[in-house]
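Colleague: I would like to learn how to read a structure like this one. Could we take a few features in turn?

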Amino acid sequence: MSGFLGYRRPDGSVGVRNHVLLLPTIVCATQVAHNAAQMVPGVRYVGHPHGCAQIGDDWAQTMRTFIGYGSSPNVYGAVVIGLGCEALSANICAEGIRKKTGKPVELVLIQDAGGTLRAVEEAARAAALMMQDAAELQREMCDTSELILATECGGSDGCSGISANPAVGWVSDRVIDDGGTVILAETTELIGAEHLLAERAASPRVRERIYEVIGRYEKAVLATGHDMRGGNPAPGNIAGGITTIEEKSLGCVYKAGTRPLQDVIDYADRPRTRGLVWMDTPGHDIDQLTGMVAGGAQIVAFTTGRGTPTGCAIAPVIKVASNSRIFERMRDNIDFNAGTVVDGTESVEAVGARLYAEMLRAASGRLTRSEVLGHHEFGVWRIGPTL
Amino acid sequence: MPDTLVQRLVDNVATALRDLAAGEAVDAGGRQVAVRGVIPFGHKLAIAAIAKGERILKYGQPIGRATADIAPGEHVHVHNVESERGRGDQAGGDPVP
């Protein structure tokens, strides 16, 4: 199988899920989104503490994240909910999604609706109608070149760079050879490995950008006056055998496989090329995952050595264990065991091929553990002060 | 299952692929190393003598510097290795020797 069963969208993109999304652009609308979601089984919603008292680049990045998330190929349609007086206007967000994708978008403003109960009613009704329409859409055979695979590692250990990350790297190479796109992220966790990526830069400009984004991050760390060890690598990484950020990064970078690095893009931006792309994100699991999905990634390969349950409201997240112990201990949360490489019973290539097949199954509709257990984490990388 | 994994020939550490007990002799990339102290699964042990200030090499790349002399078979971790990156605690001070 070299393709998958996906949903074609009006803008030509292909989704691996067909969600209706309740999207509040402001913390003040989060409860309304939550309440409306209770009335429409199967609808997805996200909550967050952002959306007001934000300006400049921080405003733009948060808005880009909201619009990108609603524009995800995995979203059939979105109900955007605002209060009515916030900085991150729900109108701008709804219009942004509509213009970008042509998909169904409805707008609910709590102040216009006349309060919580009326806004919940409006949002729930809009979502309910969309759920009916969405259900009519059929999956069709799509080419793997339509995929944007997001890669991530969280709760890494001393085995991550031996088993799980190289296995994801094998899958990355394969997706790229199929004509698809792979996003590498977590800039913080590339400190100490940036020279290896620079050697693979597709152009001098990309090479420059690599050192630019790494330099900016490291400068921010230096400005704190603290050793970054303890924050990253985190206590769990250290307990798992990782000693320094360099060691963590050198294991992390295996996820990117071996193909040329085509571009370095901003957080929540859509890749401009196919092939391997580095998205500048923090190492924070939830913020980076949200950024990649807002950038158009339909599916996520997420490696872990210490075990983590987190998922995404609108995308399947395939959890890949770096060692068999954590796979057995947290089997409820982990989809796939790459620990067989450490056990000496399977090669990286064999595990990679197995993971590639697992990815296409998940893309075609098989639910991942985080989906079955309702892990719908959402986070935005804020880059400015709350006023 | 092998005892340890040495990722590149130039590396001076190996990764323990099981919990290693003090005193046992393990294979590390073809050489015998006597384990000094307990090395937990996924952690590193020195496979050569590493002098204080010398770089630790894993994946064929530097992952930090030794803050003490490390003997072959010894646990290599945060107690005897420091990072050379993201050292805000040293910013403005003297660079790492």
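Colleague: In which helix is the place of A:Arg329?

Modeller: Keep in mind that this is a predicted model. A:Arg329 belongs to helix H12 of chain A, residues 324-329.

Colleague: How many C-beta neighbours does A:Arg329 have inside 10 Å, and how does the residue count?

Modeller: A residue is called buried at 20 or more such neighbours and exposed at 12 or fewer. A:Arg329 has 13, so this residue counts as partly exposed.

Colleague: Now sheets. What is the order of the strands in the open sheet of chain A?

Modeller: Strands of a sheet pair through backbone hydrogen bonds, parallel or antiparallel. Here seven strands run in the order S10-S11-S9-S8-S12-S13-S14, with parallel pairing. Strands S10 (261-265) and S14 (336-337) of chain A each have a single partner strand, so one side of each lacks a neighbour in the sheet. Helix H11 of chain A packs on this sheet, where it touches S8, S9, S11 and S12 of chain A. The direction of H11(A) makes about 170° with that of S8(A).

Colleague: How many bridges join S9(A) to S11(A)?

Modeller: Four, and the two strands run parallel. Within this pair, A:Val182 stands opposite A:Leu276 in S11(A).

Colleague: Which strand is joined to S6 of chain B in an antiparallel way?

Modeller: Strand S7 of chain B, residues 61-66, through four bridges. The two strands form a hairpin with two residues between them, and B:Tyr59 in the turn has a positive phi of about 60°. B:Ile56 has B:Gly64 in S7(B) as its bridge partner. B:Ile56 also lies on the covered face of S6(B) with B:Lys58, while B:Arg55 and B:Leu57 are on the uncovered face.

Colleague: At what angle do the axes of H2(A) and H11(A) cross?

Modeller: At roughly 60°, and the axes come within 8 Å. The two helices are therefore oblique to each other. Their crossing is left-handed. Among the residues that meet there are A:Thr65 and A:Gly68 in H2(A), and A:Thr290 and A:Gly291 in H11(A).

Colleague: Last, which residues have the most contacts inside the largest nonpolar core?

Modeller: In soluble globular proteins, nonpolar side chains tend to be buried together. The largest core in this model has 140 residues, and those with the most contacts inside it include A:Leu22, A:Ala127 and B:Leu45. Beyond its neighbours within four places in sequence, A:Ala127 is in contact with residues including A:Val20, A:Leu22 and A:Val79.

Terms used
Residues are numbered from 1 along each chain as its sequence is written. Chains are lettered from A and ligands numbered from 1 in the order in which they are written. This is a predicted model: local features need pLDDT of at least 70, side-chain atom pairs count only at pLDDT 80 or more; totals for chains, interfaces and linings use all residues. Two strands pair if DSSP finds at least two bridges between them. A nonpolar core is a set of buried Ala, Val, Leu, Ile, Met, Phe, Trp, Tyr and Cys residues joined through C-beta atoms within 7 Å. Two residues are in contact if their C-beta atoms, placed from the backbone, lie within 7 Å. Axes are lines fitted to C-alpha atoms, for helices over the stretch in contact, and angles run from 0 to 180 degrees between N-to-C directions. Angles under 35 degrees count as roughly parallel, over 145 as roughly antiparallel, 65 to 115 as roughly perpendicular and the rest as oblique. A crossing is left-handed if the near helix is turned anticlockwise from the far one by less than a right angle, and right-handed if clockwise.
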